[in-house]
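Please keep the model open while reading.

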Amino acid sequence: MNKEQFILGVIVSNHFGVLTRVSGLFSRRGYNIDSLNVSETENPNFSRMTIIVSGDDYIKNQIVKQLAKLHDVKKVELMNPEETVIREHLLIKIRVTPESRPEISEAVNIFRGKVVDFNSDTMIIEITGEPSKLSAFIEFAKKSGIIEMCRAGALALNRGALILQQENNL
Amino acid sequence: MKGAKYNMKMNGAQIIIETLIEQGCDCVFGYPGGAVLNIYDELYKSRDRIRHIITAHEQGAAHAADGYARASGKVGVVFATSGPGATNLVTGIATAYLDSTPLVAITGNVPVPLLGRDSFQEVDTLGITMPITKHNYIVKDVCELADTVREAFTIAKSGRPGPVLIDVPKDVQAAVCEYTPMPKTEKQAYKKPNEAKINEVVEFINNSKKPYIYSGGGVVISEAGDVVRELAEKIDAYIGFSMMGLSAISSENRHCLGMTGMHGRYASTKANSEADLIIAVGVRFSDRATGNKVRYSKNAKVIHIDIDPAEIDKNIPAYIGLTGDIKETLTKIIERVKPLEHMEWRQEVEKMSADEISFYPEDKILHPKKVIEKVRSYTDDDTVVATDVGQHQMWTAQYYRFRKARTFLTSGGLGTMGFGMGAAIGGCIANNEKRTVLFTGDGSFGMNLNELATAVSNELPLIIVIMNNGVLGMVRQWQTLFYEHRYSSTTLGRKTDFVKLAEAFGAHAFRVSDENELDEALKKAFTINGPVLIDCKIDMDENVLPMVPPGGSIENIIVK
């Protein structure tokens, strides 16, 4: 996460079209989505979106208010990175040679990743962790050659007793 | 309310009609088609309880529902069929969206199994209207239909009003479910305004020397004109209006300076820039009003009061932002603020008003100012006035003296040419079919003149005043001022005879080229029980002044 990025936790109705509505709002107001994740919550009526956005204070202010105006959005919160657990998930296929294999294996261990696919010239590595950790591994992997990769949107939950919950009882 | 006879099995179309009536709707505008045959069948059966006005085009129907809502304060309702019917509503819905008008649009769609297959007259109505509605729905289960309509009404009229669309596939209209009547929905409760901030605002007002109230569409919507006037009178402030704010307070009040902004009246715009405190109520600081945002009222602290929190700090940074209902918030402020008098400010502004009069255009044959003032001499304070978009719209905003709220129907945010006829029709019907005036231009009128047929069929006493200069006046003005007189496609050169055209539709018409002819025409027009068109020849080089050029400020104002 760089300085101009911030995390939004959004509780939305679990309805047809909600993702389109939210992403449509972002596109027409000109806000940049860096990553987005959405899934059902413990209550099947609601989904939770975790959105990482790049923008200054003006954008930060406006996004929260504009999101809150959408009928399907029940709660919006700017999550404080220092009080939040943030995780991303990465699958990355890299080029492997007999010479590079030991170094790569060592790196995978250091990053506490897993090798999930293995053959004579490629490897798929799976890593979970903070965004900066994943970015560091990707930098390292560039040396061997990245064939393709797939990085999931960030998940974020407040630490401790703080909960992001819809305000009305529904 | 529960009882065996109240729980009836009805089909989706019946449920729609019953729920509309339940929600207080007695008039809808629309245009039939294949995908809404079921709804129109039920409309026919219920024609003694709910009136349907068919227009010439769905766009006209949407503008009519919009005009109806603006004039009455009720939620406007419009029906259209699937595919082209729905897409024809888009401009009308967007117009309502940008001006925050409460509207419920109900469109038909192809049966559920045919959705997403490029069926006949199928479009993704939901996707197309998503960015221009407060919310929209597609109902695939008939048992959810009644509650969806109720929720749509609540959303349309709550908080900052706006359009809501409900897309109903044809088979859902035919399917059957139990219907239980419910009472009319209430608006959602407002957030209470912040007490500490109100006290801060009161402090600032007590200490200000040149207070200016900038009053907008939100004051009309929340019917808070009286409260704004009371505040102005207590603290000796002057009131300037956004175009959407006009009519909320009688123009006769000595505190009212009229419209401010790009084409605002001179004193209003000048006082706005000289104030040390700007109390902005129910406005959104559109670029038409602020000009250069950095220099906008650099001498003043801005207090922004609005029901929509997203508007605070969106365009202009507010010193204090207050989210809440205008009436409630201002009432608290009035209670706590000291009664004030600002003799120096009064003198300054009186000088500006004197200057304003000296800048008025010369007495030419049939100058637009004269046309508007002449028409005003025949109308009542209650008369609803609609406009299209362009120079005539600006002249109406500058020179027509409004006295009662909800008598000015104009497309502000979207600036939709062609809004006028539909809006005038809707506004007339909302006002018990009393005589209604439309100021329009030959360009704008050409866009939706097909609705003359609607006005004639319904015998509506519409007076359509066309400021006919044979050109697209506003665009031509910009070409004169900023494009070195290169009049690209603005000289229409049409041979249309508006008098013959009106008569072909079955309306009365007059052509006038001077004040006496206008007088004669108006005298007759005000006795005719149906639409009357008055074609007024206007000079094509007439400019709307004053003008603050785009991105400019009061220093750049052009007055002559």
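## Chain A

Chain A holds four helices and nine strands. The model is predicted. Along the sequence, the elements of chain A run β-α-β-β-α-β-β-α-β-β-α-β-β.

The C-alpha trace of chain A spans about 60 × 35 × 30 Å along its principal axes. Of the 170 residues in chain A, 24% count as buried. Sequence separation can be read from the contacts. Take those in chain A between residues at least 6 apart in sequence: 75% of them join residues at least 24 apart.

## Contact between the chains

The contact draws ten residues from chain B and eleven residues from chain A. On the side of chain B that touches chain A, six residues are nonpolar, one is polar and three are charged.

## Helix α3 of chain B

Helix α3 of chain B covers residues 58-72. Its 15 residues, at 1.5 Å a residue, should span 21 Å, and the end C-alpha atoms are 21 Å apart, so the two values agree. α3(B) is mostly covered, with 14 of its 15 residues buried. Just after α3(B) comes B:Gly73, which takes a positive phi of about 85 degrees.

## Helices α9 and α14 of chain B

Helix α9 (residues 195-207) of chain B packs on helix α14 (residues 326-336) of chain B at an angle of about 50 degrees, and their axes are 10 Å apart. The angle is therefore classed as oblique for α9(B) and α14(B). The crossing of α9(B) past α14(B) is right-handed.

From α9(B), the contact uses B:Ile198, B:Val201 and B:Val202. From α14(B), it uses B:Thr329, B:Lys332, B:Ile333 and B:Arg336. By class, this contact of α9(B) with α14(B) has four nonpolar, one polar and two charged residues. Spacing along a helix matters here: an α-helix has 3.6 residues a turn, so residues three or four places apart point the same way.

## Helix α17 of chain B

Helix α17 of chain B spans residues 391-399. Eight of its nine residues are buried, so α17(B) is largely enclosed by the rest of the structure. The buried residues are B:Gln391, B:His392, B:Gln393, B:Met394, B:Trp395, B:Thr396, B:Ala397 and B:Gln398.

What covers the buried residues of α17(B)? The cover includes strands β11 (256-259), β15 (384-387), β17 (436-441) and β18 (462-468) of chain B. It also includes helices α16 (368-376) and α21 (473-482) of chain B.

## B:Met259

B:Met259 lies in strand β11 of chain B. B:Met259 counts as buried because it has 21 C-beta neighbours inside 10 Å, and the cut-off is 20 or more. Leaving out residues up to four places away in sequence, B:Met259 touches B:Phe241, B:Met243, B:Leu246, B:Gly264, B:Arg265, B:Ser268, B:Ala397 and B:Gln398. B:Ala397 and B:Gln398 are among the buried residues of α17(B).

B:Met259 and B:Ser158 are 101 residues apart in sequence. Their C-alpha atoms are 27 Å apart in space.

## B:Val139

B:Val139 sits in the loop between β6 (135-138) and α7 (145-157) of chain B. Is B:Val139 buried or exposed? B:Val139 is buried, with 24 other C-beta atoms within 10 Å.

B:Val139 touches B:Glu144, B:Leu145, B:Thr148, B:Ile166, B:Val168 and B:Val172, not counting residues up to four places away in sequence. One of these, B:Ile166, is 27 residues from B:Val139 in sequence and 7.3 Å from it in space, C-alpha to C-alpha.

Methods. Residues numbered from 1 in each chain as written. Chains lettered and ligands numbered in written order. Predicted model: local features only at pLDDT ≥ 70, side-chain atom pairs only at ≥ 80, totals over all residues. Axes fitted to C-alpha atoms, helices over the stretch in contact; angles between N-to-C directions. Helix = DSSP H or I, 4+ residues; strand = E, 2+ residues; numbered from the N terminus. Parallel < 35°, antiparallel > 145°, perpendicular 65-115°, else oblique. Left-handed = near helix turned anticlockwise from the far one by under 90°. Contact = placed C-beta atoms within 7 Å. Nonpolar A, V, L, I, M, F, W, Y, C, P; charged D, E, K, R; others polar. Expected span 1.5 Å × (residues − 1). Buried ≥ 20, exposed ≤ 12 C-beta atoms within 10 Å, placed from the backbone.
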